[in-house]
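Please look over this model and report on its packing.

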Amino acid sequence: MGANDIRSTSRRRFMVGAAGLTFGAVAGAPSLVRAAAKLASTSRGTAINHYVTLTTDGTVYIMSPASEMGQGSLTSLPRIVAEEMDADWNKVVIVPAPPNNKLYGNPAFGGLQYTAGSATVTGYFTTLRQFGAQVRYVLVDNAAQRWNVPMSELTTVPGFVLHEKSGRRLSYGEIAGFMKVPAAAPQIELEPVTTRSFRLLGNDIGRVDVPQKVDGTLTYSIDVQVPGMVYGAILRQPVEGAAPSMLDDAAARAIEGVIDVVRLPYGVGVIADSPWAAFKAKNALKVTWSRKAAGWDYANDKAIEQFSRISLDGTKKGIAWDRKGDVDAAMKSAASVVEGEYRADYAYHAQMEPLNATAAVSPAGDACEIWVGTQSQTIAVDAVAKALSIPVEKVKYNGYLLGGGFGRRGNRDVEFIVDAVLMSKAAGKPVKVIWTREDDVKNGRFRPLYVNRIRAGLDANGKLTSWHHRVVCDRVLAFMDPVRWTTMKGRDNIAMRGTELPTYDVDDWLAEGLQQDTGMRTAPLRAIGVGQNAFANEVFMDEVAIKRGVDPVQFRLQHLSRQPRARAVIEEAAKMADWGRKREGRGLGVAYLDYSGTQLAGIAEVSVDRSTGAIKVHDFWCTIDCGIPVHPDNVIAQSESSLVYGLGLALTERITIEDGVVQQSNFYDYQVPRMKDLPEIHIKLMPTRNHPTGAGQMTTPLAAPAISNAVYQLTGVRLRMQPMLPERVLAALGEAPRRA
């Protein structure tokens, strides 16, 4: 949305938008949401644009357009506005923005109000700076008119406009008492970030959501209580596309507290007066499923071998994701060619708060109110409207903070929200539907199964000249977001991200995707395709370096000759880890990544228990350059969190499928990292004066290649598949001689 759109946003329209949220019916609404209610009811505020409302007591209400799921956007985005308008941060009240793509859409997603991909700060940054600068301009202009002095004689300090010549000053609250907001937005030329000095950005403050998390007063959607509410649980299809063909619900209906059993297109729902009765009844259902779905008979162990054969079949051409030059010609003229294959299993999101939503459908079925935490406010509203065949204006949205997203709460169909809507329609009452952990694992939407095959050509000096990366995996975008899939014209940006070589000095390359429609449920998972594609790239890079007899760190630096930021993060990580110092019984492995402009390097120090095959990561050193860090301490925190996530995917987290059915159930057989599994993590933030890029998931893809490369340095064994399970390590050790 451009700055000129400010003129079409009247104060009345803004207030109506905020007041469109309803809060009074919800017990325990978080104070952050109550702030929106206060804003909606205040009669003193003046909306300067649709992000900022100013009251005469100096309170500055700033809209936050993104979903808060632990990444800190609720703090970082309003700080960008506050910085440019020179607001007193202590006077700022943050208000979650209502669903509205036109007003609050993320430019990084084409204007969709969508929080994902570590694209929030980088996507909104310039837009929010512009709106903040416009507010400051309006305040200064009004002060200039009141004092009858040129604007050029005025300056601001936090919360005040100053006229140094006369010694006069006006607070922002005082200006709000007489302020006139222009009909047209002032055009502000922002100072480039390369020269701009920031007061708030780049300095640490406490995140606004943390105190309530610490004292336990913050309410998630799973805590929502609505008067007259009942509970729902759903036995879902074990295979996507299956439907209940026969149902025996006698045992379920006999359970005390059960109100009704409802057939759904994709399963059977139970409505009860408590969640425990609903869960118990769900487990008592006896359902025979239709066998027409494509996923029946599917098994991941057979599929991955098939994927491998496809990757080897040169007659099967993929859809080009990224290319430069003529890779075929370059490969033919290469002095030598190296090839490698890398694999990954399905993986589960493992967000801490299980999926849930509460909905209240009107008796006539022509309106609905929902209470939910979601990665896209507008997708949620659209999906509800579609499910009920009603206009989106008839859907009231109450947003809550998410207990983890990682890509699981952003699918176009948001089935966990539609669950509650359909159950409420059937019950004639508000219904909260909660997925148990078992529901979430069994019916998860996973990182797809991957086979990556890379061929690289080298010249006589051992320098990389060409690179051909083929990706064979399940389709992702076509399943999770058919709308974006159509826009992308068959290019699966979720599956293919990370195959690009934006910084390495390779003249000719091609990355192509051969996505397979296996019938499996898939979704973006933290770091999306980069998690697997960077694993392939960086393990392969290590292999090539070793084959050329070059130190892996030096080999990467040799191929980053024109990238000072990339070289800096690698050199610093190597310095931190004391790269080159031999460790008794331990190995070091390095990985480098350019993730959407964020420069990262990681080094893992590992040991291997040769009797069990277990890999122990002792230390992990990491450097990150994400341009200007809006909130440095939060970048560190997100990097640590992201790295822990990557450790799980690298070493233990695995979903297996037989006859189309997921074999795991809960955290006892889907192993996420425990505290005892974590290494000492050393993160160094390396700020540069560049546009801020993402930080929320950037270190996740570093873990697996760094660990694999470290195991090779220690044992001489190359691990090519995630997760690097003990049995796989033992098998690999048995096939290779032990390194002295």
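Ser118 lies in the loop between helix 4 (101-104) and helix 5. The model is predicted. Phi of Ser118 is near 50 degrees, a positive value in a residue that is not glycine. With a relative accessibility of 19%, Ser118 falls under the 20% limit and so counts as buried.

Lys489 also has a positive phi, of about 55 degrees, although it is not a glycine. Lys489 is found in the loop between helix 16 (482-488) and helix 17 (493-496). Is Lys489 buried or exposed? Lys489 is exposed, with a relative accessible area of 74%.

The peptide bond from Gln722 to Pro723 is cis, with omega near -10 degrees. Pro723 sits in the loop between strand 28 (721-722) and helix 23 (726-735).

**Aromatic rings**

How many aromatic pairs does the structure hold? There are twelve. One of them joins Tyr51 and Phe131: this pair is tilted, at 5.2 Å centre to centre, with 40 degrees between the planes. Tyr51 lies in the loop between strand 1 (46-47) and strand 2 (52-54), and Phe131 lies in helix 5 (residues 120-147), so the pair ties together parts that are 80 residues apart in sequence. Tyr51 counts as buried, at 1% relative accessibility. Phe131 counts as buried too, at 2%.

Phe109 and Tyr114 form another pair. Their ring centres are 4.9 Å apart and their planes stand at 80 degrees, which is over 60 degrees, so the pair is edge-to-face. Phe109 is partly exposed, at 21% relative accessibility. Tyr114 is buried, at 3%.

Ring pairs also build a cluster. Tyr342, Trp467, Phe535 and Phe540 are linked in this way.

Two arginines sit over phenylalanine rings, as the table shows.

| Arginine | Ring | Distance to ring centre |
|---|---|---|
| Arg146 | Phe178 | 3.9 Å |
| Arg169 | Phe160 | 4.2 Å |

**Nonpolar cores**

Which residues have the most contacts inside the largest nonpolar core? They are Ile370, Trp467, Ile615 and Ile707, in a core of 125 residues. Helix 18 (residues 530-548) gives the most to this core, with nine residues. A second, separate core has 49 residues, including Met63, Ala87, Tyr124 and Leu154.

Ile707 shows the packing in detail. Beyond its neighbours within four places in sequence, Ile707 is in contact with Ala604, Val606, Ile615, Val617, Leu647, Ala650, Leu651 and Met724.

Ala704 is found in helix 22 (residues 700-715). Its relative accessibility is 3%, so Ala704 counts as buried. What does Ala704 touch, not counting residues up to four places away in sequence? Its contacts are Phe535, Ala650, Gln722 and Met724.

Ser76 is a polar case. Ser76 is found in helix 3 (residues 73-85). At 6% relative accessibility, Ser76 counts as buried. Leaving aside neighbours within four places in sequence, Ser76 is in contact with Val121 and Val630.

**Helix packing**

Helix 12 (residues 377-388) and helix 13 (residues 415-427) have axes that come within 10 Å and cross at roughly 35 degrees. Their crossing is right-handed. Helix 12 makes the contact through Ala380, Ala383, Val384, Ala387 and Leu388. Helix 13 answers with Ile417, Val418, Val421 and Lys425. An α-helix has 3.6 residues a turn, so residues three or four places apart point the same way.

Helix 9 (residues 275-284) is mostly covered, as seven of its ten residues are buried. Which residues of helix 9 are buried? They are Pro275, Ala277, Ala278, Phe279, Ala281, Lys282 and Ala284.

Methods:
Residues are numbered from 1 along each chain as its sequence is written. This is a predicted model: local features need pLDDT of at least 70, side-chain atom pairs count only at pLDDT 80 or more; totals for chains, interfaces and linings use all residues. Side-chain values use heavy atoms; hydrogens and water are left out. Rings of Phe, Tyr and Trp (its six-membered ring) pair if their centres lie within 6.5 Å; planes under 30 degrees apart count as stacked, over 60 as edge-to-face and the rest as tilted. Helices (H or I, at least four residues) and strands (E, at least two) are DSSP runs, numbered from the N terminus. Buried means under 20% relative accessible area, exposed over 50%, partly exposed in between (1.4 Å probe, protein chains only). A charge sits over a ring if NZ of Lys or CZ of Arg is within 6 Å of the ring centre and within 35 degrees of the ring normal. Contact means heavy atoms within 4.5 Å. A nonpolar core is a set of buried Ala, Val, Leu, Ile, Met, Phe, Trp, Tyr and Cys residues joined through side-chain atoms within 4.5 Å. Axes are lines fitted to C-alpha atoms, for helices over the stretch in contact, and angles run from 0 to 180 degrees between N-to-C directions. A crossing is left-handed if the near helix is turned anticlockwise from the far one by less than a right angle, and right-handed if clockwise.
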